[in-house]
Amino acid sequence: YFVKELLGKKANVFNFSKNIKHFPYDIFHICTHGGEVEGHIVEEDFTDRDGNRHTVIYESLLSISPSLRPGLLTVQHMTYFKFFDGMKWRSAELKAKEIPHYVFADMQNYMKNSKAVDKKIGAKKKVSNSAGIQCSDSVYLPMLQTIASHSAPFIFNNACWSWYNVAEQFLGASTRSYIGTLWNVQNHIAVAFAKQFYELAFTSSIMEAVHQSQALAKGSDSENIYMVWGLHFSKLSHAKSKITS
């Protein structure tokens, strides 16, 4: 196989994004921290079109990296709503209020146009289920429309909380199969699982290789932590030569 590595400082957001989107591959293996990355809790007050005042609280993630254009930066921003007028987001209590949909549209418009001075920004905190992939300089937030491929590739994101909001991004961008974790994976389990998985994946399906490798974590905090999304019958093919690859 032809293998291209992004290690240390080379594993920055710019290079990660460029390789994901522009250089065709059959397998993309990610080994880093993820899922719980640093962000901020933000509180904003806004007035809807009916003149009613509301408060929204959300977790905010920001990723900043160099751009292809000299002197400019690429900025990614994701928000995770937590509370609306003191009620938990998507709770039965909030749903029972039957708030008109246009109120939330007004909220989104206000958030989009409001300035930093109008926001109550709290201290840094770990944002759970944040879908972030930690790179050497910042956090990569997968917001993908397409990925580089001659045929739909296989992605193994061997990081913590690497399923939530991540699997669907890669699958929607034409990945055929994706492996991620349901919560924080222990480092030694992550290493042992990956080694055994690749020993099995070329003689059985990806799903079978994951199922068999799960036995390594039995009885630990990482038991049954890995899941497969996409085409469950997918397989990895043997390479004929490094040059062909």
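1. Let's start with the sheet: five strands make an open sheet, ordered β5-β4-β3-β2-β6, with antiparallel pairing. At its edges stand β5 (87-88) and β6 (120-127), each with a single partner strand, so one side of each has no neighbour in the sheet. Two strands pair here if DSSP finds at least two bridges between them. As a reminder, strands of a sheet pair through backbone hydrogen bonds, either parallel or antiparallel.

2. Before going on, some ground rules. This is a predicted model, where local features need pLDDT of at least 70 and side-chain atom pairs count only at pLDDT 80 or more, while totals for chains, interfaces and linings use all residues. Residues are numbered from 1 along each chain as its sequence is written, and side-chain values use heavy atoms, leaving out hydrogens and water.

3. Inside that sheet, β3 (residues 53-66) and β4 (residues 73-84) pair in the antiparallel sense over eleven bridges.

4. Zooming out, the protein chain has six helices and eleven strands. These are DSSP runs numbered from the N terminus: helices are H or I with at least four residues, strands E with at least two. The C-alpha trace spans about 65 × 50 × 30 Å along its principal axes. Of the 245 residues, 39% count as buried, meaning under 20% relative accessible area with a 1.4 Å probe, protein chains only.

5. On contacts (heavy atoms within 4.5 Å): among those between residues at least 6 apart in sequence, 67% join residues at least 24 apart.

6. Now the largest pocket, with a volume of about 1400 Å³. A pocket is an open set of points on a 1 Å grid over the protein atoms alone, where a 1.4 Å probe fits, with protein on both sides within 12 Å along at least five of seven lines; lining residues have an atom within 4 Å of a point. The volume is the space filled by probe spheres set on the points, which are joined across faces, edges and corners.

7. That largest pocket is lined by 40 residues, with K4, Y25, I27, F28 and H29 nearest its centre. The elements giving two or more residues to the lining are α1 (13-22), β1 (27-31) and β7 (133-134). β1 gives the most, with five residues.

8. Last, a loop residue: Q214 lies between α6 (206-213) and β11 (226-230). Is Q214 buried or exposed? Q214 is buried, at a relative accessible area of 10%. Leaving aside neighbours within four places in sequence, Q214 is in contact with F193, N224, I225 and Y226.

Conventions. Buried means under 20% relative accessible area, exposed over 50%, partly exposed in between (1.4 Å probe, protein chains only).
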